[in-house]
Amino acid sequence: MINLLVGCTFTLVLFAFMRRVNQRWHSPLLNPVLLCIIIISTTLLISDIDYIDYRNATQPISLFLEVAVVALALPLYQQLHAIRPYLLLISLSSFIGITCATLIAFWLCQLFSAPSTLTASLMALSVTTPITLIVTDSLAGLPGIAAIMVILIGVLGGVFGLSLLTLAGVTKPQSKGIALGVACHAIGTAAAMEHHPAAGAFASAAMIISAVITASWVPMLFTLLQGIIS
């Protein structure tokens with residue numbers, strides 16, 4: 001068993017320390033979220049602490065997750081004058097990105113003959129966890145698998161996203177921000193904020209618009225795809 005004080009203190013101190021490490025050496029491989037996941041997972045395995053006990057001991061921190069997502073709207077507000085002329089372009093980019101991600105996930109599931117519940121669990125992975133869980137539940141998927149995949153995509157995007165975009169010839173911070181906001185939700189948006197203020201603002205806009213598109217469009221697209229293959 002682990003109590004609230006120990007669980008919350010350990011998690012918060014560890015994240016603060018890893019954030020200082022990331023700020024000191026500025027390496028994408030030193031992403032604080034990634035390092036905390038590795039260290040906490042290792043600690044739980046070595047100490048033989050049940051994950052359910054750890055999750056219950058850190059429940060107060062989890063309650064701030066949705067509040068933290070809302071706080072990402074601050075750079076959007078600060079850069080609204082620069083974003084407003086591009087809202088249609090950001091919306092179109094978000095729609096294309098979400099549609100492509102859904103089509104590719106569905107095609108891969110069909111290619112590997114994945115069961116229908118797993119397919120439904122992988123349809124909405126480019127948005128924040130709360131939106132993903134709602135959409136996955138409406139599609140009769142498995143929220144646990146969806147949550148794990150969303151976090152994994154976000155962490156990979158936060159670690160490698162900016163480098164891959166640079167290798168692909170994407171130089172403008174606004175473009176990098178839209179790509180990270182659409183594909184890597186909150187964790188990608190946080191990486192964009194640390195990269196450039198404009199990238200963070202455009203990532204926030206893309207993330208919010210992508211959440212709306214995912215909640216309204218992905219269930220219809222999934223039903224359409226199921227009708228085509230049946």
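The structure is a predicted model, in which local features require pLDDT of at least 70 and side-chain atom pairs count only at pLDDT 80 or more, whereas totals for chains, interfaces and linings use all residues. Residues are numbered from 1 along each chain as its sequence is written, and side-chain values use heavy atoms, with hydrogens and water left out.

Two helix pairs are considered, helices (H or I, at least four residues) being DSSP runs numbered from the N terminus. Axes are lines fitted to C-alpha atoms, for helices over the stretch in contact, and angles run from 0 to 180 degrees between N-to-C directions. Angles under 35 degrees count as roughly parallel, those over 145 as roughly antiparallel, those from 65 to 115 as roughly perpendicular, and the rest as oblique. Helix α12, spanning residues 173–195, packs against helix α13, spanning residues 197–229, at an angle of about 75 degrees, and their axes are 6 Å apart. The two helices are therefore roughly perpendicular to each other. On the α12 side, the residues in contact (heavy atoms within 4.5 Å) include Gly177, Ile178, Gly181, Val182, His185 and Met193. Those contributed by α13 include Pro197, Gly200, Phe202, Ala203, Met207 and Ser210. Classified by residue type, this contact has 13 nonpolar, nine polar and no charged residues; Ala, Val, Leu, Ile, Met, Phe, Trp, Tyr, Cys and Pro count as nonpolar, Asp, Glu, Lys and Arg as charged, and the others, Gly among them, as polar.

Helix α13 also meets α10, where the axes come within 10 Å and cross at roughly 5 degrees. This angle makes α10 roughly parallel to α13. The contact is formed by Ile131, Val135 and Ser138 of α10 together with Ala211, Thr214, Ala215, Val218 and Pro219 of α13. Its residues divide into six nonpolar, two polar and no charged.

Side chains of opposite charge can pair when their charged atoms come close. With a salt bridge defined as a side-chain nitrogen of Lys or Arg within 4 Å of a carboxyl oxygen of Asp or Glu, the count comes to one. This salt bridge joins Glu194 and Arg19, whose closest N and O atoms are 3.1 Å apart. The pair links distant parts of the chain, with Glu194 in helix α12 and Arg19 in helix α1 (residues 4–25), 175 residues apart. Arg19 is partly exposed, at a relative accessible area of 34%; buried denotes under 20% relative accessible area, exposed over 50%, and partly exposed the values in between (1.4 Å probe, protein chains only). Arg20, also found in helix α1, counts as exposed at 60% relative accessibility. Between Arg20 and Gly200 the C-alpha to C-alpha distance is 20 Å, and the two residues are 180 residues apart in sequence.

The structure holds zero disulfides, a disulfide being a pair of cysteine sulfur atoms within 2.5 Å. For Cys8, the closest cysteine sulfur, in Cys36, lies 14 Å away, too far for a bond. Cys184 is likewise in no disulfide, the nearest cysteine sulfur, that of Cys100, being 15 Å away. Cys8 counts as buried at 13% relative accessibility, and Cys184 counts as buried at 7%.

Most residues other than glycine have a negative phi. Positive values were found for two residues other than glycine, namely Ser113, with phi near 55 degrees, and Ala140, with phi of about 65 degrees. Ser113 is placed in the loop between α8 (87–111) and α9 (116–121), and is exposed, with a relative accessible area of 63%. Ala140 occupies the loop between α10 (129–138) and α11 (143–167); Ala140 is exposed as well, with a relative accessible area of 55%.

Ser121 is located in helix α9 and is buried, with a relative accessible area of 0%. Apart from its neighbours within four places in sequence, Ser121 is in contact with Thr136, Gly141, Leu142, Ile145 and Ala146. Leu152 belongs to helix α11 and is partly exposed, with a relative accessible area of 42%. Leu152 and Tyr51 are separated by 101 residues in sequence and by 18 Å in space, C-alpha to C-alpha.
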